[in-house]
Amino acid sequence: MAEGIQRAGQFKIEYAAIITSSGLVQDIIGNIIGITIYESVGRASISGDVTLHDSFSLSNIGPIIGQEFLLLKISTPTITDPHDTIDFSEEVFHIRSVTDKKYAGKGTEMLTLKFVSSELMRSNRIKISETLVGNSSTIVQRMLERVECNKNIYIEPSLGVRKIVAPNLTPFQVIHMLTKSAMSNKSPVSQGISPSYMFWESLKGYHFRTLDSCMAQENTWDFTTFTT
C-alpha cells in the first residue's frame, strides 16, 4: 500500500472512542463514516458531528443519551509534528445530542452524534454573580479557570483596571461582555490602541485577541505576476 498523502484533505484517525454515561469505553474507529468539525472566530467553542455505522447496538448497550464523551485523535499522513495533530483524547468533547438515527438493515443502524467542547458545557452550568476586578485579560483568564480549561490559551494583554458586576452570567457570557469594551495595550499593525477583541476556540486552543494581532504575522506565501 502506498504511504503518504494520496488526496487533498486526507487524514488518519489514530484514536476514537466514546465513554458512555454508564462508564463503558467503546472504540469506534471501525464504525466512523464521517467526521465534521466546526470552528469560527464568532463561536466560543468547537463543535461538530460524527456519523457512525453501528453494528453492535451501542445506542442500546450504552445507552447513548447525549451525556457521553468523545475521545478523538486525528493526524495528517507524513506530518509528524505533534502540534499539527488534532488531539482531543484527554481534553475530550461532550456529546450533546443524537440525531438521524436510522435502521440500516441486518441488525445495524446509523447514528449522527453532535458534540461540543466540554468547556462550553461547564460554562452553561456555572453562574457568576460577583464583582470582578482587574484588567480584561486577567478576568478572562479567571473565567477560563472557572470552566477548568487546560488547553492552550492565547490572551492578548489589555489596558486598564476594570471593576464590573456580573449579574448572574455564565463565564463565557462574562468574556463576551468584555470583548465589547476591552482595549489592547499593544497593536502590532497600527501601533495604537485596538478595541476589536474576539473570543473563540480553535483546534489550537482558546483565544482572546484583537483582529490586529491575528493579522500581524509573516506571509505564508508570496505571489508574483508575470507574462508568458
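**Ground rules.** Residues are numbered from 1 along each chain as its sequence is written, and side-chain values use heavy atoms, with hydrogens and water left out. Because the model is predicted, local features need pLDDT of at least 70 and side-chain atom pairs count only at pLDDT 80 or more, while totals for chains, interfaces and linings use all residues.

**Helix pair.** I looked up helix 3 (residues 136–146) and helix 4 (residues 171–179). Helices are DSSP runs of H or I, at least four residues, and strands are runs of E, at least two, numbered from the N terminus. The two axes come within 9 Å and cross at roughly 165 degrees. Axes are lines fitted to C-alpha atoms over the stretch in contact, with angles from 0 to 180 degrees between N-to-C directions. So helix 3 is roughly antiparallel to helix 4 (an angle over 145 degrees).

I then listed the contact (heavy atoms within 4.5 Å). Helix 3 gives Ser136, Ile139, Val140, Met143, Leu144 and Arg146; helix 4 gives Pro171, Phe172, Val174, Ile175 and Leu178.

**Rings.** I found six aromatic pairs (ring centres of Phe, Tyr or Trp, the last by its six-membered ring, within 6.5 Å). Phe172 and Tyr206 form one that is tilted, 6.0 Å centre to centre with 55 degrees between the planes. Tilted lies between stacked (under 30 degrees) and edge-to-face (over 60). Phe172 sits in helix 4 and Tyr206 in strand 12 (residues 205–210), 34 residues apart.

Buried or exposed, I asked of Phe172? Phe172 is buried, at 4% relative accessibility. Tyr206 is buried too, at 0%. Buried means under 20% relative accessible area, exposed over 50%, partly exposed in between (1.4 Å probe, protein chains only).

Note on methods. Angles under 35 degrees count as roughly parallel, over 145 as roughly antiparallel, 65 to 115 as roughly perpendicular and the rest as oblique.
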